[in-house]
Amino acid sequence: QMQARKISSPLAMYSKVALVGAMVGCASAFSPAALPSLARGSVARGPQMQAKSASVPFLNKPAKLDGSLVGDVGFDPLGISTLGDMKFLREAEIKHGRVAMLATTGAIVQDLYKFPGVSKVIGDAKMIGAHDKFISEAHAGNQQAFAMHQIIFWVGFLELVTMPALFETLNGGSRAPGDFMFDPLGMGKKDIKSMSLKEIKNGR
């Protein structure tokens, strides 16, 4: 009986040690060491808020309109800036703005001054009426009414001769969009950035 007790005593001790070890192993799974680290470099961050447009606060700021272009106020509700190269788009904007300013000036001047010979071709017609009168007279064979065709020809010619300048800009050259080195009045010598901003605003 004494021998049985001596044998059972070590077995009981080993059983207790194994039981305690198992409990420690299970408890270690729930210890703080098993939780993800919250060190400064691994802090979870929530979703970043996208910047809003300065001109239209309820719309997101267009990605390409970073303020580097003169006159950029983040206004692009139709997403035009996503359609191509910003240099090409700025070139187009400046060109269309210049044409619009010339057209506006012409619309005002025709009310203030009558060019010699015009009334013989289109009479007192103005604006859209003058356009239609030129076309109808040209179809009727009046050679003096071919002024509209001349305008189309010279506009197309200017587009062709300015293509190399545009390619230089798009291929990473130093030429700024819309710069054709044409400044007979020296307006750009005053403050080129300020004058560029005025041109953009008036063109728009």
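**A tour of helix α6 and its surroundings**

Begin by selecting Gly 172, which follows α6 and has a positive phi, near 90 degrees. The model is predicted: local features need pLDDT of at least 70, side-chain atom pairs count only at pLDDT 80 or more, and totals for chains, interfaces and linings use all residues. Residues are numbered from 1 along each chain as its sequence is written, and side-chain values use heavy atoms, with hydrogens and water left out.

Next, display the whole protein chain. It contains seven helices and zero strands (DSSP runs of H or I, at least four residues, for helices, and of E, at least two, for strands, numbered from the N terminus). Of its 204 residues, 16% are buried, that is, under 20% relative accessible area with a 1.4 Å probe, protein chains only.

Now select α6, residues 163-170. Which of its residues are buried? They are Ala 165, Leu 166 and Thr 169. These residues lie on the same side of α6 because they cover an arc of only 100 degrees around the axis, the arc being that of the directions from the helix axis to the C-beta atoms.

Finally, select the contact itself (heavy atoms within 4.5 Å): α2 contributes Lys 87, Phe 88 and Glu 91, and α6 contributes Leu 166, Thr 169 and Leu 170.

Methods:
Buried means under 20% relative accessible area, exposed over 50%, partly exposed in between (1.4 Å probe, protein chains only).
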